[in-house]
Amino acid sequence: MQIGVLALQGAFIEHEQMLSKLGVSSFEIRQKSDLDKPFDGLIIPGGESTVQGKLMHELEMFDSIKEVIDNGLPVFGTCAGLLLLAKEIENDDRLHLATMDITAVRNAYGRQLGSFYTEGEFKGIGKIPMTFIRAPYIKSVHGDAEILAEVDGKIVAAKQNNQLVTAFHPELNEDLSIHKYFIDMIANK
Amino acid sequence: MVNDRFELNKNLAQMLKGGVIMDVTTPEQAKIAEAAGACAVMALERIPADIRAAGGVSRMSDPKMIKGIQEAVSIPVMAKCRIGHFAEAQILQAIEIDYIDESEVLSPADDKYHIDKTAFDVPFVCGAKDLGEALRRINEGASMIRTKGEPGTGDVVQAVRHMRMMQAEIRRIGSMSEDELFDAAKELQVPYDLVQYVHENKKLPVVNFAAGGVATPADAALMMQLGAEGVFVGSGIFKSGNPEKRAAAIVKAVTNFTDAKLLAELSEDLGEAMVGINEQEIELLMAERGK
């Protein structure tokens with residue numbers, strides 16, 4: 001199994017380290033030619049969605065990435081990655097890949113003073129650590145998108161077929177269960 | 001609880017990695033920076049080149065001006081306070097700034113003590129010339145480090161010197177035997193546990209950016225190849241002929257910093273770079289402020 005990690009900006013190394021702990025190999029996608037390599041899953045990391053979205057276009061990777069996701073490639077987006085996948089962002093008209101039937105709210109907890117850590121229930125896993133950094137949340141899911149975790153009544157993780165998103169950053173804590181969950185999604189595809 | 005905030009603040013710096021933080025003085029410039037792909041902006045009244053030209057005492061920016069920039073963009077907004085000026089830092093925290101830069105670019109308010117950054121909930125980034133300075137700032141609570149470089153000069157030589165110095169010292173600590181670390185802590189004037197962290201991990205305990213004198217995509221690529229995890233660009237963008245184009249080119253250079261062919265394309269037709277000042281011509285060395 002080989003995972004491509006979008007490495008345009010943000011916390012991509014942290015995802016690579018989590019995968020390596022699980023014994024899964026990965027490579028960085030920094031430009032168009034990197035997409036020629038075969039990969040079984042894609043991770044879109046935390047960072048700034050505006051930066052990653054813009055670079056995907058300018059480095060001419062946008063259409064290819066959207067296409068592989070539409071064709072069923074398993075994809076996992078954290079924080080900014082969630083925003084890049086959302087079909088609707090309530091407080092921002094800049095949409096990006098727009099492949100997942102969720103309505104997100106950007107910077108939903110405010111500025112850095114609103115960033116927080118908690119532990120919450122994740123469907124099928126149990127209680128896991130959750131770190132929210134200037135995080136979004138999901139206001140609503142549509143179609144066959146499914147809620148996987150809620151914190152204080154706000155949706156913070158969801159899945160729709162091949163797409164998995166979390167508003168929090170599992171790559172910032174020691175717990176490997178969400179990455180394991182994504183690997184299982186790929187294996188059971 | 002203090003520890004939790006420190007973790008969350010280090011985490012925000014991790015999200016900025018691989019990105020470019022740009023100095024802006026107006027909401028319009030902030031929007032240009034965001035559209036060009038900045039991962040954060042530094043709100044200040046005058047960019048370092050103008051501070052240098054104007055001389056006199058340089059202070060924290062007007063909170064109203066900072067708020068205007070916070071309203072203009074959705075990316076994180078940073079602002080500078082003077083070294084040791086904890087009241088300015090309190091004000092910046094009150095307007096919910098995302099990151100405070102306790103900066104040598106402004107006139108120092110205290111020639112002995114830095115701010116006790118552990119007393120704050122918002123994160124701090126501080127400049128450093130070498131490993132000792134970096135670890136002292138981290139011990140005071142900084143959750144991100146940048147090279148000091150020499151702000152407002154468009155001359156990258158000092159940023160290179162500071163980054164090389166830090167990396168060389170990290171390699172040296174990394175190769176020491178355990179019993180030598182105690183003396184290294186004494187020599188660097190920092191707590192033993194921080195030296196031990198560097199020894200074990202071969203890196204700083206927080207994210208480390210390059211700053212001070214970066215003016216071209218090639219400068220940014222140079223700093224990234226020397227080990228920077230991201231880049232601050234101050235005067236280099238809005239003191240140049242075509243800020244939009246230069247800003248976007250530097251953003252792409254940071255993402256693909258080892259692809260010389262792409263860097264060549266990015267370096268074409270950028271218009272005039274900021275007029276630089278060589279280090280020998282500088283009267284005021286900002287990097288010597290706060291050690």
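This is a predicted model: local features need pLDDT of at least 70, side-chain atom pairs count only at pLDDT 80 or more; totals for chains, interfaces and linings use all residues.
Two strands pair if DSSP finds at least two bridges between them.

Strand S11 of chain A spans residues 154-160. Four bridges join S11(A) to strand S12 of chain A, residues 163-166, and the two run antiparallel. Within this pairing, A:Ala158 has A:Val165 of S12(A) as its bridge partner. The hairpin formed by S11(A) and S12(A) has two residues between the strands, and A:Asn161 takes a positive phi near 50° there. S11(A) also pairs with strand S10 of chain A, residues 146-151, in the antiparallel sense and over five bridges. In that pairing, A:Ala149 stands opposite A:Ala157 of S11(A). The hairpin of S10(A) and S11(A) likewise has two residues between the strands, and in this hairpin A:Asp152 is the residue with a positive phi near 50°. S11(A) is mostly covered, with six of its seven residues buried.

Chain A as a whole contains five helices and twelve strands. The radius of gyration of chain A is 15 Å, close to the 16 Å given by the globule rule for 189 residues, so chain A is as compact as a globular protein of that length. Along the principal axes, the C-alpha atoms of chain A fill a box of roughly 40 × 35 × 30 Å. Of the 189 residues in the chain, 61% count as buried. Among contacts in chain A with a separation of 6 or more, 63% are accounted for by residues 24 or more positions apart. The accessible surface of chain A comes to about 7,100 Å², and carbon and sulfur atoms hold 45% of that surface.

Chain A also meets chain B. In this interface, 34 residues of chain A are in contact with 35 residues of chain B. The two chains bury about 2,800 Å² between them, with 54% of this area on carbon and sulfur atoms. A:Arg111, A:Gln112 and A:Leu113 supply 25% of the area that chain A buries against chain B, more than any other three residues.

In chain B, the residue B:Met144 lies in strand S6, residues 144-147. B:Met144 has a relative accessible area of 0% and is therefore buried, the limit being under 20%. Leaving aside neighbours within four places in sequence, the residues in contact with B:Met144 include B:Ala13, B:Leu16, B:Ile21, B:Met78, B:Tyr99, B:Phe124 and B:Cys126. Further along the chain, B:Val206, B:Val207, B:Phe209 and B:Phe232 are also among its contacts. B:Asp259 is 115 residues from B:Met144 in sequence, and their C-alpha atoms are 27 Å apart in space.

The cysteines were examined last. A disulfide is a covalent bond between the sulfur atoms of two cysteines. With a cut-off of 2.5 Å between the sulfur atoms, the count over all chains is zero disulfides. A:Cys79 counts as buried, at 5% relative accessibility. For B:Cys81, the closest cysteine sulfur belongs to B:Cys126 and is 8.1 Å away, which is also too far for a bond. B:Cys81 counts as buried as well, with a relative accessibility of 0%.

Key
Residues are numbered from 1 along each chain as its sequence is written. Chains are lettered from A and ligands numbered from 1 in the order in which they are written. Side-chain values use heavy atoms; hydrogens and water are left out. Buried means under 20% relative accessible area, exposed over 50%, partly exposed in between (1.4 Å probe, protein chains only). The radius of gyration is taken over C-alpha atoms; the globule rule is 2.2 Å times the number of residues to the power 0.38. Contact means heavy atoms within 4.5 Å. Accessible areas come from the Shrake-Rupley method with a 1.4 Å probe; for residues, only the protein chains shown count as cover. Buried area is the accessible area (1.4 Å probe) that two parts lose on being put together, summed over both.
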